[in-house]
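Me: I would like to go through the labels attached to this structure and see what each one rests on. Please set the values against the cut-offs as we go.

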Protein chains: 2
Amino acid sequence: MAVLDADGTVHTQWGDIDRPVFPRSAVKVLQALPLVESGAAERWQLSDEELALACASHGGEPAHARTAAAMLAKAGVDATALECGAHWPYNDAALKALAASGQQPSALHNNCSGKHAGFVCLGCLMAGDSDRRAFLSGYVKPEHPVMREVTAALQATTGYDLAQAARGTDGCSIPTYAVPLRHLAHAFARVGTGVGLSAGHQRAARRLRAAVAAAPGMVAGSGRFDSRVMALLGERVFCKVGAEGVYCAALPGSGLGVAVKMDDGNNARACEVVMAALLLRLLPMSGDEQQQLSDLADVKLSNWNGIEVGRLRALPGLHRGACA
Amino acid sequence: MAVLDADGTVHTQWGDIDRPVFPRSAVKVLQALPLVESGAAERWQLSDEELALACASHGGEPAHARTAAAMLAKAGVDATALECGAHWPYNDAALKALAASGQQPSALHNNCSGKHAGFVCLGCLMAGDSDRRAFLSGYVKPEHPVMREVTAALQATTGYDLAQAARGTDGCSIPTYAVPLRHLAHAFARVGTGVGLSAGHQRAARRLRAAVAAAPGMVAGSGRFDSRVMALLGERVFCKVGAEGVYCAALPGSGLGVAVKMDDGNNARACEVVMAALLLRLLPMSGDEQQQLSDLADVKLSNWNGIEVGRLRALPGLHRGACA
């Protein structure tokens, strides 16, 4: 776990922060910077909801699928342009409702459909006068002009040489690069403060943070950690989960960026509790906000009969700052 | 990870095999011994399918729910006797079909419904001439006569003092005791060979192993590891997953018992691959069987577009025996 400021100074660290990890979906906000910087978000008049969805790992709820479709329509294409693949909604009620309707999921239900709709919107601008669909084809490949822009933003914000980094293929088929927690935390400190970013990335980061704060339900979904935390704290925090137990956050007020990787590879257990404990420690907040966040930092585990069978709690050291 | 014989001799160990872990559902076969030993299985004329389901963490497929209901009917009660709680089927197709039908899941869909139906069948015998439902009430509590029998079987087979052990409440509300891997592996060596067991437990273990080998689809479900392995290898292996990354197995031919705990707490990733690699190493098998098991020991990970994005593979040492 790494907490850094935008100058690259380490505020707190636990474990090896120089071992590269695949940040997966935790860096979607970095990957969405070109969408705004390029002028595509303005050209297609993307709303707060739509920009928040571009940074999202959403639950495939009806509003999420609808918003992704609207982004594509604004750019003059439809869901057939998406190359993320289809999967059943992660949101339980949405999955059951879709099954009950006798329908199959589409790419719009993929948790990454907003990010991909953002890539497609960027591609539709980059295509200029050429055929949009022909230009977009294969946009998930590392060498495609769209993905080059996305990778360049990741490199600029993390300051890490991605050409030398291990590269994998993400669940939605775009490249994912292994980056040390030190660089991920540094990138999020930059995104929160603008320090060390180009003017275009500064403006884009500010716009995306504001969009997510205005439409927090788009970035994750009903009852989910990221949506709850940002609905509670607004622009004071931007946090984002990634597959295999990664969490990143920007805390603009204190100028800090946070990057966490849990060895258990689970996104929704220790990871969320640790993030809640870190926010309690690092962010000034009201008593009511503290109480609500404390509920996320000390989670009751209930069995199928509603009996409490355990709790998920961060180590006291994490709360008190003993890990600094 | 511990591999022991029935005399308690360690054949192979990795990590700390004396640290207690909660075996959860991995010990269901031990918990089912009283069902047979008591004569309840005979009294209610339980079939192979029903006895296999008593050892199961099943997917809530229609056949599973139907079989649990049949067990209860034989003992003269119904699903309202179950105290395991309800949850949606783990099997994806079963969940969607249930949602599509507009129904809600019942306790019969709980992955533990067969184990609980076994407890209820045992309780209905123990009730004798008294009111069955009154006797059964609270059978999940540690102090209930049914659960005392279950705990006594766990203690007899593991040889571990459960009165001194940490006790938790399982997902289905029965007690779960923390037991070291050494004792879990020893218990499974005993269950596989009968060595060190009472005559009643010997007979019960043999009956349960035969039942699961005859009806492997009942112990887990369509496409799942335990069902696939036992369908392939029959009585040569009994293996059973437990929540939070535990796996236990009995290998009657070689007289060995196996107990694995993965630190990631995931039941269906490293855990299964390690178990497959151990079986390849410890069990004599045909070339075709080797090939089929090798597919479970080296698993391709595909993303939503079917692109291979990684593999799950056991360390070479596990295959070669370097860990001995």
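**Labels and their grounds**

Me: What makes the pair Glu244(B) and Arg269(A) a salt bridge?

Reply: In this predicted model, the side chains of Glu244(B) and Arg269(A) come to 2.8 Å, N to O. The cut-off is 4 Å between a side-chain nitrogen of Lys or Arg and a carboxyl oxygen of Asp or Glu, so the pair qualifies.

Me: How many residue pairs are in polar contact across the interface of chain A and chain B, and which element gives the largest share of chain A's side?

Reply: The rule finds 16 residue pairs in polar contact there, both residues at pLDDT 80 or more. Helix H6 (residues 92-100) of chain A gives the largest share of the side that touches chain B, 4 residues. By class, that side has 11 nonpolar, 8 polar and 6 charged residues.

Me: How many residues are in contact, and what area is buried between chain A and chain B?

Reply: 25 residues of chain A are in contact with 25 residues of chain B. The two chains bury about 2,000 Å² between them, with 52% of it on carbon and sulfur atoms. On the chain A side, Lys96(A), Trp304(A) and Asn305(A) lose the most area to chain B, together 29% of what that side buries.

Me: Why is His58(A) called buried?

Reply: The relative accessibility of His58(A) is 0%, and buried means under 20%, so the label applies. His58(A) sits in the loop between helix H4 (48-54) and helix H5 (62-74) of chain A.

Me: What makes the approach of His58(A) to Ser113(A) a polar contact?

Reply: Their side chains are 2.8 Å apart, and the cut-off for a pair of N or O atoms is 3.5 Å. The side chain of His58(A) also reaches the backbone nitrogen of Gly60(A) at 2.9 Å.

Me: Why is helix H13 of chain B described as largely enclosed?

Reply: Because 10 of the 13 residues of H13(B) are buried, the rest of the structure largely encloses this helix. Among the buried residues are Cys271(B), Met275(B) and Leu282(B). H13(B) covers residues 270-282 and reaches 18 Å from its first C-alpha to its last, close to the 18 Å expected at 1.5 Å a residue.

Me: How do you know that Arg313(A) and Asp298(A) form a salt bridge, and what does the pair tie together?

Reply: Their side chains meet at 3.8 Å, N to O, and the limit is 4 Å. Arg313(A) is in strand E11 (residues 308-313) and Asp298(A) in strand E10 (residues 298-302) of chain A, so the pair ties together parts 15 residues apart in sequence.

Me: What makes Asp48(B) and Arg207(B) a link between distant parts of the chain?

Reply: Asp48(B) forms a salt bridge with Arg207(B), the closest N and O atoms being 3.0 Å apart. Asp48(B) belongs to helix H4 (residues 48-54) and Arg207(B) to helix H11 (residues 199-214) of chain B, 159 residues apart. Asp48(B) is partly exposed at 27%, and Arg207(B) is partly exposed at 31%.

Conventions
Residues numbered from 1 in each chain as written. Chains lettered and ligands numbered in written order. Predicted model: local features only at pLDDT ≥ 70, side-chain atom pairs only at ≥ 80, totals over all residues. Heavy atoms only, no water. Contact = heavy atoms within 4.5 Å. Buried area = accessible area lost by both parts, 1.4 Å probe. Polar contact = N/O pair within 3.5 Å; in protein donor to acceptor, adjacent residues only side chain to side chain. Helix = DSSP H or I, 4+ residues; strand = E, 2+ residues; numbered from the N terminus. Nonpolar A, V, L, I, M, F, W, Y, C, P; charged D, E, K, R; others polar. Expected span 1.5 Å × (residues − 1). Buried < 20%, exposed > 50% of the residue type's maximum accessible area, 1.4 Å probe, protein only.
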